[in-house]
Structure formats: structure tokens, C-alpha cells
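Colleague: Could you walk me through how to read the chain contacts and the backbone features here?
Modeller: Gladly; let us look at it together.

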Amino acid sequence: MSRIGVFVCHCGTNIGGVVDVPKVVEAAKQMPLVVFADENKYTCSELGQASIRNAIDEHRLDRVVVAACSPRMHENTFRRTVAAAGLNPYLLEIANIREHCSWVHSDHDEATVKAIDHVQMAVAKVARHEALFPKTIGLTKRALVIGGGVTGIQAALDIAATGHEVVLVEREPSVGGRMAQLDKTFPTLDCSACILTPKMVDVAQHPNITLLSYSEVKEVRGFVGNFEVDILKKAKMVDHSKCTGCGTCWQKCPGKVSSEFDLGLGQRTAIYIPFAQAVPNKPVIDLENCRYQTFLKWDESQGGKKPPECRICEKICPTKSIDWEQQDEIVTEKFGAIVVATGFKTFDHSVYGEYGGGRYPDVISSLQLERLMSAAGPTEGEVVRPSDGAHVKNVVFVQCVGSRDDRVGRPYCSKVCCMYTAKHAIMLKEHDPDVQCYVFYIDVRAGGKDFEEFARRAQDESGAIYLRGRVSHIYQDGKNLKVLGEDSLIGRPVEIEADLVVLATGMEASDNADTLAQTLNISYTIYNFLIEAHPKLRPVETQTDGVFVAGSAVGPRDIPECVAHGSAAAVKAVALLSQDSLKSDPLTSIVDPMKCVGCFACKVVCPFNAIEEQVTRDKRTVSSINENLCKGCGLCVVACRPGAINLRGFTSQQLLSEVLTLVRE
Amino acid sequence: MTKTLSKNELESWLGNILKERTLVAPRCVDDLTLFLPVASVDEIAFDCGNTDLSPKDWFFPRTEALFTAEHKDADIEITPAVIEQETVIFGIRPCDAKGIAILDGPYLADPADSLWAQHRAKTTMIGLSCSSPAPQCFCTSMGGAPFDSSSVDILLTEVNDGYIVDAVTEKGEKLLQGVELKESDVSGSVPSCDTQVPAEGITEAVKRAFDDPYWGRLADRCLHCNICAYVCPTCYCFDIRDRTEGGKIERLRTWESCQSKGFTKIAGGHDPRVDKGSRLRQRFCHKLLYFPEQFGPLGCVGCGRCVVSCPVNIDIREIISDVQELGAKVGEGSS
Amino acid sequence: MVQAESSSLEPVAKRVYSYYPGCSLHASAKEFDVSAKLVCQKLGIELRELEDWICCGASAAHSTSHLLSLALPAHTLKQAGEKGLPLAVPCAMCFSRLRITLHELKKKETLDLVSRTLEKELSTDVTVESMLDVLANESISLPVTKPLERLKVACYYGCLLARPPEVIGCDDAENPQTMDRLMGRLGAEVADWGLKTSCCGAGVSFPRLDIVLKLSHRILSLARSTGADCIAVACPMCHANLDMYQKDMTAKHKEKTNLPVLYFTQLMGLALGFSPKELHLDRHLTDPLPMLREKGLA
Amino acid sequence: MASDFTQQIREKARELLEDGTVECVIGYETGSDGISARPAFIYNAADVERLVFDNTCTHNLVKYLLNKKAKSTAVVVKGCDSRALNLLLSERQIERDKAFVVGVVCPGIVESRWNERSEQLQKRCDWCRQHTPVVSDFMVGDPVTEQPPADFADVAEEEAKTAEERAAFWQQQAERCIRCYACRQACPGCYCTDCFAESLDPEWVGIRIAPAESQMWNTIRAFHLAGRCISCNECERVCPVNLPLSLLNRKLEQKVLELFDYRAGMSEDAPAPLITFKKDEKLGIAE
Amino acid sequence: MSENSAPLIIGFLCNWCSYAGADMAGTSRAAYPSNIRILRVPCSGRVDPMMIVKCFQEGADAVLVAGCHPGDCHYNEGNYYGRRRFALLRELLDFMGVERERFRVEWVSASEGKRFAKIVTDFTNEMTKMGPRKAS
């Protein structure tokens, strides 16, 4: 006979304000097997937890029910509590009487009745709980970091610093990500490149870090501590082991294309490094635009004149590093932990017809402006009009382009735009005192250390004129642009003649974030931002153990946040890797070999290949569970007609007794 | 001289019984004839053959609560089941009645099963002689007869214009009080049950044939369904389980059968009768060997229900003759 | 669907439409009506004017009573529905009202309400097309006799042929192309400019002329700055505002605009060989003829 | 015909037993009533003369293979029975090489009880679209061309009733059920060593032989056969209180056909509908 | 239970989406009738049809199973299997007199708190209208 203790939480007035807690306690006392019931103001508080521990001692409780908030909130907290009092942590059950009761029902009596039922269910279930013991599994003490932006770099460096091996996978030819494209950073205005490049170099040089640039993660198998990852290394056509990055090839290469890094404002060659400080500082050949490739692909039938064979890079390369034989290859590596830092991309503003739908060369995105401002950029830092290279005087900034706008399916705030626009206004003024900036905004969101001051500075010192309102229309008038909008503070339409319009384009999840998420079996929002295990309490963990998320892949974040999250993820990863073995979640399926008839329906339905075949002493082939692979979904349980399989923590007996308390009481 | 009752008189008599007691009689439901309570006399199927299920349900219900237990304040209160309702079963056949009667052996032997005792006490059986025994019947071979009155309270025998009434027991007498019976000299034509089964000395034969592979072969085709046991008037095995509802516990007894797998499973999981052969053999050994040894009569009354309803034609009459032969062989061997 | 039938009858696909001129085409915008009819005739498009059409309510009704603003067009739609022909509507304002009404009647409760008001069994089984869409249909070949060479046209659609996009179904509410392509097919050079759908101020013509002048002037001057010889319009209101007030603008802004404003149907007419007279090109306040002569089109 | 089939079966059986291909031949013999068939297990070539085949050979003998797993056995199967072979093979309950299948092109089976034999074909024969066995090592009779899938008139008729009437109808049936589990015991698809119905913990079906429990039993029995029932209808035949079990099986058969275009036991390797899925299928729930 | 007018609705919610969705309904205070009793299961694919039949056999008026939207299953495929089982089960139940309306399956994501509240509200109202189950 088990001795169950029930602890009902007031949660301040959150529960107590609606549910008659004392009444629930009284009802609990009458329930079979309940030997103790009590209430707490805040059961999750140290006081509350102490009262549970004491009651366990005093009343020799062997099972505990906590009626409080959702188990998704505090199940682990209370598991630790009962464990501290010497109970097996799995002899606990939570009755959700807050989210599922007091917060959604206003009628006190009904809510109380329901709360009692939920407690009764929990009691019935906990009575059938068994002590569960995690199994220990070995692990590979290596980490994979996906994404070589500032977040990934930070994570990689921090993990490497603890002596663990790290593989950093970057899709582009160079690490650096978005931050490398920036000129200065707010609110301190230090030079983005100056603070980032050293880190990039560290990554390249760190003995514990293997940098796989121009590579992508394709498949992920296994489980926490024991991942097996297929990484696609795209053919660079350049043998980086020989290449010294001297640069002769890309200086001579005749194949010119617009540069992705400079967002179409500049050009690069077909054999290229994305930007001067690229890491690795060795080129790759972009086969789409390589003349030799066009030569090879050319066939008579299409007519036209035969293109030149080119191969200049090959001829002039002092180290003979050009390797036309290179193929994409897949390498498979083992890891214990994975950090996902795939970052963001900026919103494509061409959907905004009223802003010219991308037709006007002088309507540019903020990121393009960064490139224009950057000393290393296409214009060596001189801010000129893309259309005619004229120096700009009147610049209009439009905020919330692809942010806070349901029409384009981007209702969220991208968070950084207000600040970088302030930065732009300040910088432009510094570049040229005669520049006049206008900023159309909805709100200026400057929450953060020195942010508000910075935003003010743009107005007070740099004289940027902030107009509260949206821009209704932008059109080309001669060489200039006319910007029509409204100043909603004075309720007047305004019309500004500008020679450059900068759209503060918002942040979006980077391409294929969703497919990667699926490969990693982690969830993502409808905007393809990755979802944390808990937005507040587990910000860098995910629902898949051993997979951590960081940076703006999770949602709009600025640099310091990304770096912080990078480090945070690193710590979590390290915490995992520094264990000698792992404890597997014991909430897995188990097979009763006596009942198993060996039809292996379970094996067919198991999404995780966790079902294995085993021959019993009486020569029957029956199924057994690989508990490291089993994720506890319970599909096999339902597929099993004889009921040979059960799911620990959600056994049929438990669910059934829960149901019976409802229908038979 | 015999006492008789016309069809109409019988019906009005039953009508009166209906008023203060539960009257159970053969009724046709869909394509089955079953012993069921009747609300009016015209529901009764007077001239049906033997019913598809035996009347044992009325002494040994398929499901019956032995007692209920309930939390009363601190302690637990137990209420044993009591049968108040007086019941009259009309139209029960001599073979079935005999089936009930011989079950007094196991059920009333000390300590008596109170529920069985109560059912017996509260129930009066109005028997009906078999005018035309069915092909599967073999009561005579089992020591019964189509007009055997030994196990009923009243036996009616159909005659051309009514029934010969034979009040066998006091209970019967009481039930007949106030019923006008005509004196008459008609005598019921004595029907014969011509299927003969060599039951003579079967007990010995079964004993000898106990270890014969015969049972295993026979079990080959047995499906181990419980039909034979559930239609049988003398199968009295049961299972007991508790059922909780609203904090109240009912201890239930329901039909079970030695044919179901795990029937003899004991604590620790061992089952002395795992193989089909031994389970099937158990059924016949119980009827033809253990029962007579313990209580005298054979445990079969020859109603032939199992013969008809076995889906794979396991025919007790065949088995009896087979076993006789086997027994004989083994006998020779041993002597 | 009716078109399908008729075309199945006659090998030469002949298009038949019910025609709703609307008030202004019988008055201020007569030239639109006339030119539209001529062009249609030429292109083998038969217009059958509805016998009992009434005012669409234009800007007045919906600022007074929502129900009224639906009931008026509904009356017309009812007839069109009975004819079983698609309804061609030249006036952008009327077109907008009819389309919006049609859109709103798709809501069951609205349909019932309006039906009760009109004591008519209304249905939404009728298509309403703007004359622009009717004529811009690229499957119609244009027998151009006098290509509009050397003529640079700034196509101006105004608000009502573009917005609200989900009701009007305009190709691109900010930078529509229908008329541009049409003019292109007539041999004209089209100006790429940014105010194709900006408001001319029609809504406030009477109370706030100053606004009209400001907005219309912006449109005219930008059009001019693109080197356009004229503006093509598809809306009587726009036409009125752009054409009528050019003198006042000149006075106000000390800048001579003098940019002819023509209905796109008139330009089509010219290209298809009709004379300026037939097309009533002499009815405009900003006289287009000098320019047209200079271009050898008149 | 029958006599000829009987001959072929006897000869094959003799051959198989004599050359030791099999230890036992499962077929049919004449029952104790002298007019209807019953399952027969022949171990010696000498006994093959007991074997018969006629239109009372109703039993699905495949069920018996489950007890003969270890040994090599020959079994006589009709078309419908043969589908059970595929079912049991795909569910790895029998091994193909241990079973020698004597397929009989089914002439149709008549309604018969002990000592009663009508000339009326069983209703399953009207639904049957598999007179020729789908699996066999030796075929008796010439394969016939099957008719198109049956309509489900019987199901439709039941569905014509109101929900309340249906509820009442099944309530009545449940009242008659004595839970002897003969339906289960006769079913080739029911081979669990521990049936949910007898599980004490969890106690899915209460011990009471009463309507609620019986309905639970009959519903789940049917559902456990969803997409697996090969419609030999043995369950209904053996039921001592004549429950219309085929209605439940057929309702599911119909739906499985409609939703998943699947017929149980037609091939050994087509996955049963409930252990597979299509990502973008529309099944009329939560859409 | 069926005797009293308020219908008893038993809800099986998958831990990752729908249970979280119900939590979200709480956090956003989206009110709904209190009839429903919620069981937490790891996945809609864990909900055994036997359990649902049991609910009805024991007198529940309605059952709601809610899981992740197809494609979003935390276990990748659970709800796809569930979808098939439930589709068949609902047919069988309806055939045996448990009206199909009484057994509802819904896909509710962790962010659809308001929607969860609406579903439960509508379901409860519908069940109240239908009244308690007849027979058994």
C-alpha cells in the first residue's frame, strides 16, 4: 500500500483566487492511498519545497502529487525536491490546476470540482508510478557547431577553450556571417571588422577547432552524446592544403559577377574570397560563373561562338592549387553535442510596392548601407548613390520594413533596426556634416544598455529628424526620390526629397532553417525561427537532448545577445561533454517478452529504430527496446495488440486508472 | 389414476404464478430459445425443443456478486449478497433439472455455497417431460430419462388435451395449492431416447486411458473456446474478481471454463495444464471420472448441447465409446 | 460563359458585353463614352447598354449610408445578372462601386439585407469588368492604322482601378501595367513613373480645391518631367481634376504644365484610325490638338 | 466435383506423408453426424482415406498452423482461408517453408450445423472475391476469374438506422454475448498469447459477463482486426448465440478499402494499413 | 457522467503541442467551459483506441484527442499513425451508435492557445446540445 502526499498550491492568487484550495485539500485527504494533504502559498518556493521534503519524512510518504502549474513548468523542479527527500524522482505526479483550470475557468465551484478531479487523476496515476532509474551511456566528447557567424564563432571558441574538440561548419566560403558585413556596431560604434576578425582568425588557428567552410550538415543520426553527422563538403576546386591565399588568381580572374557579400553593390570574381579578411583566406571557384566551366558546358548545337577556355587561375597559380577534379564529398563525424547558430538573413523589401518594389536603385536596405559605409566596402566607405555615384545629402530612413507588419506576414519586431538606424544617422553625420537624415518610425525601441542615449544622440547631436509615421509612397522624381508619408504626431502629410532612401529591413530566419531543424528533430516557429526548450528557463536548449540553439537563429537578436547566447550554448554543450557518461531518460518503452508474440508491428512503426529483435530462452523471437534510441513516444505500445509493450511514466495502467477516476467516481 | 390439467388451466395457473413470483420459461429471442423471465404467459414457447443455453443461469448466474464492501468512516463494511426473489422455472427438461440437482454435490457439500443454497431454496422447478428427444440427446445412457421426475418439483407430461401433473416435492405441492386438477386415467406415451452411449464402466475406462496420446490428437482440432462449458448444465467452474466503482468494491463470480488458457495458472505463473491435450482431457475426466468419484453420479446428463454447438464437432458420445475401446485395450494390457 | 456560347455559334469570336456608362459618361465625360463605343465597335465588341441602369452612388452614397451605397449598384448588378452577360464599365468610380458591392454581396447576410431592401432576389453570379480590362485583353488584335509613334504617354490609373487590390484584382496596385502594355501595343512610348496610382484628390474636389491642385499638380509635373506628351486616364474624376485645373495650377505654382489629359480610349481611337473630331478630342480644356498635330496624329 | 477434389487431396496427402515432406496434413473429415465436415489431422499415410472435401468444409484450418509452428505441416485451404496465410506470414507467425499449402478453388460453402445441412450458400460466399487461393503449393481445381469487389449492402442497411437505433441494436447483441471467446479462438488473426480481454492489469474488459463488458470486447476485437480481417467469417459461424460479428468486420473492411485501398491478406508484404501512413492523406479527421 | 446534464469530455493531449497549447490558453487566459478533463500523453500516437472505447464504454460523453499538426510531431510520425487509427475508430464507434461527433480529433500547436479554447468551447456546446449518450 503506497502512502501518497498531496500538495496543493495557491500560486499566490493565481490558483487560490479561483479554486477553493482548502476544499481541494480536504477532498484529497479522502482519496484512497492519500495519507497526507496540505496547501502552500507557493509550492515552488524554497519554503514550499521544504514542506514537501518534511512531509515525506514525517509521514513516510512514498509518492507525491503536486497540484500546481503545468508540469511543463515545474515537473523537474519537484522531481528534484522529492529526490532531495530520498524518494525516486519519478514517484511524483503533477496535477495542472493553473493553466488548465484556474486560469481558464471563472466559476469558482466548477473550477474547484475540476481541480479535485485533476488531483484525483494524479493520485490514481502516481499510485501506479514505479521508481525509475536512468541508464548510463557513453558519449563522444566532441562538439559540432553549425554556422560560422559571430554566435557560432563564440560558441566554438568557448567550447574549444575547455579542451574539447569542435567542428565548425559554415555554408559560405568564409566565416564571419552578417557581422562581417557591418561597418560599425551600436551603441559603442566600434568597428565591426576590427572586433570580429581576430575571433575569426582564432577560430582558424585554434588547435581544437576544425573549420569546415563551404560545407553543410546533411544528415543527423543517433542521440545525445552519440550523434553521427553527415557533412557535405562542397567542391572548392582549390586545394587549400597547397593554396597560400596569395590572391594572384582572384586578381587576374576575368569572370566578374556581383558580390553576394556586398549585396550587389560591388563585384567579385569567379574564383574568389568573399571579402578581404575572409577566413579561411583561400579562394573557392564559383562554378556557375567560371569561364572554364562555361567552356566545358558549351556545345556546338546551341550555335554561337565557342567561349575561351580561360583556366587563367590554373596557369598563374604559383602553388598549382587549382584542382578541377574536386567533387562534393560527404564526411561522417561523431559528436556528443550540437550547437545550432545558423543566424538570420534580412527581409527582401521588393514586396513593398509603395517603396518602389526594388525598382529604384537608390532605395536600398540598411545592410547595403553598411557596405557603402564600410571602408572595406565597394566604395571604400564613401556613401554615394548607387544610381549615379553622387554624394548623398538628404537621406530618408524607413523603419519596420518587414517588421511589425502583418501584411507581409512579419508581425514581429526585429529589435535591432531602431538602433542601427540611429547608428546610421550618426555615422552619416560623421562622414559628412551636411547630410540631413529623416527617420520615419512607428516607435523608437531603445531598450538596452546605453541604447536610449544613443537613439537620442542621433536626434539631438546628429540632427536626424524623426517623423512618427509610415511612408505611403516613394517615387523617382528626376534624379531624386520623393518620399510621401505622414507625420502622425501633427497629423500632416509630409513630402521629402531624398537622394537616398534606406529601408530598415527586418530579420528573417536564414534559408533552410526549417529543413535543418527537421534533420535535427527540433521545432521551429511559423517564421522558421528555432524553438528553445523553454523561452525563459532553458533558452539555449531544445526538445532534443544534446542539441543547443544560439543567436539570431532563435529570433531577432543583437550582437551582444548573440555572443552571450553563443557562450551560453557553449557552456551547456561543455557541461554535457565533460561528463564521463550520460544518464538516459528512463521514460522509455519496455517489452514483456512473455507477452510478445513477435509480430514486430512495433518495429515497423518506431520512428527511431529503437526496436531490436531478441531470441528468448524458449527460442521465440521477440522485440526489445534500445533505450538509448527510444524517445518515449509510445507508438509501439499502441501498435502492440497483446499489450506486451508499455511506456514507463505513461503506462496503460496509469492512463486507464486516470480515466476510471473520471468515469467511475 | 393421474391428475391432469388442460392447456388453458395451465396457462391461467402460470398467469397467477406470474403475479407474485418471477416466472422463468423458454422464450424465443431472434433465432435462439433461452430460459428468460416472462412478462406474460403467451411469451412462453411451450413446444420448443431443449433450449440453446441450459437453465443453470438461474442457479449459477453467468455473473453474480458475492458481496460488496464499502468504506464506512474509518473501517470497511461488507454486505453479503442475498436472494429474496422467489422464482419459478417452467418447462425445464428432466435432463437439465438433473444437471442442477447433481450440482448440489459440489455446491452444498460442507461448507455449502450460500448463494447456490439460496437459489435452490427460492426456486421451484416445473419440469416438462421430453415428448420427442432430439438426435443429440442421450439422457438415458447417463442414467436419466425423458420423463424422469426425480429432480423437479412438479413434472408435467404433455398428453393430447393437456398435461399430466405430478407433484414431486412439497415445494411442488405448495405451488399447486388451489389449482383444480382433474382425475383421469390417461397415461403419457413413454418416449424413448434411442441414442445409446456405452457409459457403463466409463469411469474405469477413463482412468485407464488417462495417459493415452488420444487426448492430444483429439485436442488438435479443439479451439479451446468455452462454448461446451457455457452451454453445459453441469459445468460449474467460475472465476472471481473484484470491481471498484465509486469507492465501492463488488466481489464478482462469473462463469469460467477449464478449457480457457491459464485457467489453472497458479501463483508464480506455473500452469499444470498448459498443453491443449491435458485441458481437453480435464473436461472429460471431470465429467466421467472425478465427479462420479467425488459425488456419485456422472457429471453429464446427456442433454447433447455440447454436441450440437461445438464448432469443430468434438462429440462426447464419440469420446465415450473411443475411451471405452482404449480402456479395454489398456485393460487387456495390464491384466 | 455566355461568351463561350456565342463564340461556339460564330467562328469569329465575337465578344458581347452589357454596358454601364454611368452618369458622367452621359455628361462631363461624353468623350469617354463615345470613344469607348467607337473602339469597341471597331474591335468587334458589342456593347448592350442596360435599359434601366441607375447612378452607382459614386462618392456621395457611401459617405451617407452604407446600405444605400450597396443598394444602388446592386440594382444595376441585378439587371446585368439577368442579361447573363459580363458587364463592361468605363468609369473607374462606377467600376469600383460595382466591384465593391459585388464583393460585399458575397457575404450571405449582406446579400439578404440588400435583397430585402430592393425587394429583389439578388445573386452574385455576374462579372464586372472595367473597360480598360475589356480592351487591354491581349487576345484582341488591334488593327492599328496610325501607330502612336513619337508619342510618349504617361499612363495614369488613379486610385480606383488599383485599390483595394483584393477586390479590384489589379496586376500591381503600386505599379500597374495594363494600360502601359496597351499603349505600347499601339506604338506609343510609355513613361515609367511613380505616381500611376496616386490620388488626384477627386474625393475632396469641392471642399478642398487646394488639395486637389497640390496632388494633381504633383502628378502632372512628374508626368511632364518624364518627358511625356500626354497623360492617359481611365477615370472621369481623374480626367476632370487633371484636365480642368491646369490653369489654376499654373497660377498657383508659377509653372506651366499644359499637359493634355486623354482617355485611353481616345488614344486607341486615334491609333485605330478615327478622327479627332469623332473622338471628341476638341472637348478637353487642355487642348491636345496642337501636340497631336505636332506628332502627326491629328 | 467434390469427390474428385477429395481424391486429389487424399493423393497429395499420401504423397506428402510418405515422402516425409510433412509430419501432418490438416484437412477435413466427415463429422459425427455423418453429413457435415470437421477438421482432421492426418499423421499417417494410412489414414488419408479419412480426408474429404465438400461444401460443408467451412473451418479455416490456417488457424491450426499456429499450433504447429515448429513442424512442417500441410494444410488444406480455400480462397478466403488462404488470405490468412499471408496475414500470418507478414506478421511472422508462421514460416512459409514449414507449411505446404494445398489450395482448393472454393466451390462455395453451405450453411450447416451439426446434423443440419442446407443447400443455402453461406453469406460470406456472396462477399467472397477470392475463390482461388492467393497462396498455394498445390492447387486443387481450376482457378476461376473473380468478380469485382462486393458492395456492402449489409453495412449500408445498418447505417441507414439512426445512431440511437444502432446503439440499441448493439446493446441487444451485447446482452446475448456470453463471452465464451469462441469468436477469438476460431479467428486466424487472433493469436496473442495474452489477449487484452483477459489482462487483469490493465483491466481493459471487466470480468462481468454483461453488456458493457461484452461491447468493449466486441468493439476492440473488431478493431484489432481492422485491416487484418480476411473475412473468412469463422467468428460469426462459431458464435453460440449468433452475434452478427461480420457486420463489424465488414464495416471496417469497407472503410479500410475506401480510405487506404487495402484488402487484408492479399499479399505477404503489403504493410497493414494501421502500421503505415501517407503524409498528405486526407482521412476526414481534423481537417 | 451521462446522468447529469453537463457532458463529461475526456481530453488526451500530446505533451509537445496540444498540452502546451492548452497551457498557452491558460497563460493567455483564454476561457473555456470546465467540463473537459485533460490527460497528458507524450504523443497523439500514444492514445490507444482501446482507451477511447473504454472511455465511452464507461460512460464518458465525448473524447477529444489533440496532437501536433501533421508534419510537426515531436516524434516526427506519431500523429500520422494516430490519424489513421482514429479515422477508422471513429467510423466503428459511429457504426456502433456512438455518434461520430462525440469523438473529435484536432491538431493544436503549442502557440494555438486561443484556438484550443475555442475548440473546447465549441465541442462542449455541441455536446451539451446533443445531450448524454443513449444506451450502454
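This is a predicted model: local features need pLDDT of at least 70, side-chain atom pairs count only at pLDDT 80 or more; totals for chains, interfaces and linings use all residues.

Modeller: Helices (H or I, at least four residues) and strands (E, at least two) are DSSP runs, numbered from the N terminus. Residues are numbered from 1 along each chain as its sequence is written, chains are lettered from A and ligands numbered from 1 in the order in which they are written, and side-chain values use heavy atoms, with hydrogens and water left out.

Colleague: Is A:Leu33 buried, partly exposed or exposed?
Modeller: Buried means under 20% relative accessible area and exposed means over 50%, with partly exposed in between (1.4 Å probe, protein chains only). A:Leu33 has a relative accessible area of 28%, so it is partly exposed.

Colleague: Which residues does the cis peptide bond in chain D join?
Modeller: In chain D the cis bond joins D:Asp201 and D:Pro202, with omega about 5°. D:Pro202 belongs to the loop between α7 (182-186) and α8 (211-224) of chain D. In chain A, the bond from A:Phe186 to A:Pro187 is cis, with omega near -10°, and A:Pro187 is found in the loop between β7 (165-169) and α7 (192-205) of chain A.

Colleague: On to the interfaces. How much area is buried between chain A and chain E?
Modeller: The size of an interface is often given as the accessible area lost when the parts come together. Here buried area is that loss (1.4 Å probe), summed over both parts. For chain A and chain E the value is about 3,900 Å², with carbon and sulfur atoms giving 60%. Counting contacts (heavy atoms within 4.5 Å), 44 residues from chain A and 44 residues from chain E take part.

Colleague: How many salt bridges are there between chain A and chain E?
Modeller: A salt bridge is a side-chain nitrogen of Lys or Arg within 4 Å of a carboxyl oxygen of Asp or Glu. The count between these two chains is three. One of them pairs A:Glu75 with E:Arg40, whose closest N and O atoms are 3.2 Å apart.

Colleague: Which element of chain A gives the most residues to the side that touches chain E?
Modeller: That is α18(A), with nine residues. By class, this side of chain A has 22 nonpolar, 13 polar and nine charged residues. Ala, Val, Leu, Ile, Met, Phe, Trp, Tyr, Cys and Pro count as nonpolar, Asp, Glu, Lys and Arg as charged, and the others, Gly among them, as polar.

Colleague: And what area do chain A and chain D bury between them?
Modeller: About 1,500 Å², 55% of it on carbon and sulfur atoms. A:Val597, A:Arg641 and A:Leu656 supply 39% of the area that chain A buries against chain D, more than any other three residues. The contact involves 17 residues of chain A and 15 residues of chain D. Three salt bridges are found across this interface; among them, D:Arg92 pairs with A:Glu613, the closest N and O atoms being 2.7 Å apart.

Definitions and conventions: Buried area is the accessible area (1.4 Å probe) that two parts lose on being put together, summed over both.
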